[in-house]
Amino acid sequence: MNDKKCIEFENVSKSYGSKQALSNVNVKLETGKIIGLLGPNGSGKTTMIKIINGLLRSYQGTCLIDGQLPNEVSKSMISYLPDEPYFQEWMKIKDALNLFRDHYQDFDWALCMTLLDRLGLDPNLKIKSCSKGMKEKFQLALVMSRKAQFYILDEPLGGVDPAARELILDIILKNYNENSCLLISTHLISDIEKIFDEIIFLKNGEVVLQKNCEELRNETGKSVDETFREVFKC
Amino acid sequence: MKNFDSNIPIYLQVMDDIKKQIITGKLKPNDKLSSVRELAQTYAVNPNTIQRTFQELEKEDLVKSERTSGRYVCADENRINNLRFKMTEKVICDFINELNELGYKENDIPQLLEQVKEKYYER
């Protein structure tokens with residue numbers, strides 16, 4: 001058997017000035033699962049993800065990745081898709097691939113080229129000339145071309161048109177390795193809920209629910225999307 | 001089949017689909033089932049959902065798992081006939097329930113069925 005790895009949040013709190021972004025979060029993310037991190041805007045999704053990736057360092061509590069604080073080792077285990085484009089505009093898509101190849105030993109160049117092709121993206125395209133949706137697609141291709149333990153995708157569907165969402169889900173499912181953990185933050189739940197094992201609901205920085213999706217449907221007779229709408233009714 | 005009703009656990013819906021394939025003979029006794037990974041892609045769902053589907057189908061003895069070689073459709077014709085009857089029963093019960101909701105009584109059903117059947121097969 002493969003031994004399970006996990007990301008563990010213990011009593012994690014974080015505030016930006018007077019704004020409490022996370023309060024007392026206790027969560028365990030295990031490999032072998034696809035987990036949906038769900039919450040309305042400003043509920044703390046991206047803050048959690050930034051902590052996992054070591055981009056935020058001043059917070060209370062601990063966040064351990066396979067037993068360690070975020071460091072170089074944890075970064076090599078995590079393939080991270082940020083919620084905004086981060087490549088220089090003058091670069092070509094191919095330049096970004098080179099960068100990934102230099103930085104990550106687990107990057108699969110050939111796979112990435114295949115994915116770009118499926119997404120209809122030309123490697124010689126300048127990033128400057130890509131639309132928001134194209135940038136998202138291309139960054140997703142990069143991230144899914146690594147063989148990582150954890151894939152952390154922050155809003156992978158936000159700028160992508162509905163027709164391409166199916167393709168992206170397919171790419172995610174095909175390239176996700178069953179022994180890894182996939183964490184996807186989103187508020188486009190109905191498009192994606194069928195691929196989740198588990199969901200985490202974040203409300204004002206607090207985890208209000210962590211549950212297996214099928215159990216949730218069994219108990220409520222409702223879709224995750226509908227439950228979400230009830231919990232977060234404005 | 002890609003359109004799941006997200007109000008119902010997905011493993012149940014995949015189970016139903018596989019059961020239908022068994023009943024209609026698309027999957028024959030002793031046929032080998034596709035792997036978890038393949039089915040996950042066909043149905044565009046999480047591999048663990050397919051795993052769960054298989055577990056439940058095994059519990060109902062419709063699928064047998066051979067340790068190393070994979071999973072096979074059950075060879076027991078009786079069991080498959082039972083399954084066919086159970087699924088038929090469910091369709092008919094749902095049908096009667098809905099007619100009751102529309103205000104029809106037991107005695108109305110045969111005549112109604114005749115009427116609609118004619119129209120249906122004309123098409």
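## The cavity

The largest cavity has a volume of about 40 Å³. The model is predicted. One cavity of 30 Å³ or more is present in the structure.

Residues from chains A and B line the largest cavity: A:Leu173 and A:Glu178, with B:Arg37, B:Ala40, B:Gln41, B:Val45 and B:Pro47. Helix H2 (residues 36-43) of chain B gives the largest share of this lining, three residues. By class, four lining residues are nonpolar, one is polar and two are charged.

## Helix H5 of chain A

Helix H5 of chain A covers residues 132-144, 13 residues in all. From first C-alpha to last, H5(A) reaches 18 Å, close to the 18 Å expected at 1.5 Å a residue.

H5(A) is mostly covered, with eleven of its 13 residues buried. Charged side chains are among the buried residues: A:Lys135, A:Glu136 and A:Lys137. The buried set also includes A:Phe138, A:Leu140, A:Leu142, A:Val143 and A:Met144. In chain A, the buried residues of H5(A) pack against strands S5 (78-81) and S6 (150-154). They also pack against helices H3 (93-103), H4 (109-118) and H6 (162-175).

## A:Asn53

A:Asn53 sits in the loop between helix H1 (45-52) and strand S4 (60-65) of chain A. A:Asn53 counts as buried because its relative accessibility is 7%, and the cut-off for buried is under 20%.

A polar atom of the A:Asn53 side chain lies 2.9 Å from the backbone oxygen of A:Ile49. Leaving aside residues up to four places away in sequence, A:Asn53 touches A:Lys75, A:Ile78, A:Tyr80 and A:Ile152.

Conventions. Residues numbered from 1 in each chain as written. Chains lettered and ligands numbered in written order. Predicted model: local features only at pLDDT ≥ 70, side-chain atom pairs only at ≥ 80, totals over all residues. Heavy atoms only, no water. 1 Å grid on protein atoms, 1.4 Å probe; cavity = no way out; pocket = protein on both sides within 12 Å on 5 of 7 lines; lining within 4 Å. Points joined across faces, edges and corners; volume = space filled by probe spheres on them. Helix = DSSP H or I, 4+ residues; strand = E, 2+ residues; numbered from the N terminus. Expected span 1.5 Å × (residues − 1). Buried < 20%, exposed > 50% of the residue type's maximum accessible area, 1.4 Å probe, protein only. Contact = heavy atoms within 4.5 Å. Polar contact = N/O pair within 3.5 Å; in protein donor to acceptor, adjacent residues only side chain to side chain.
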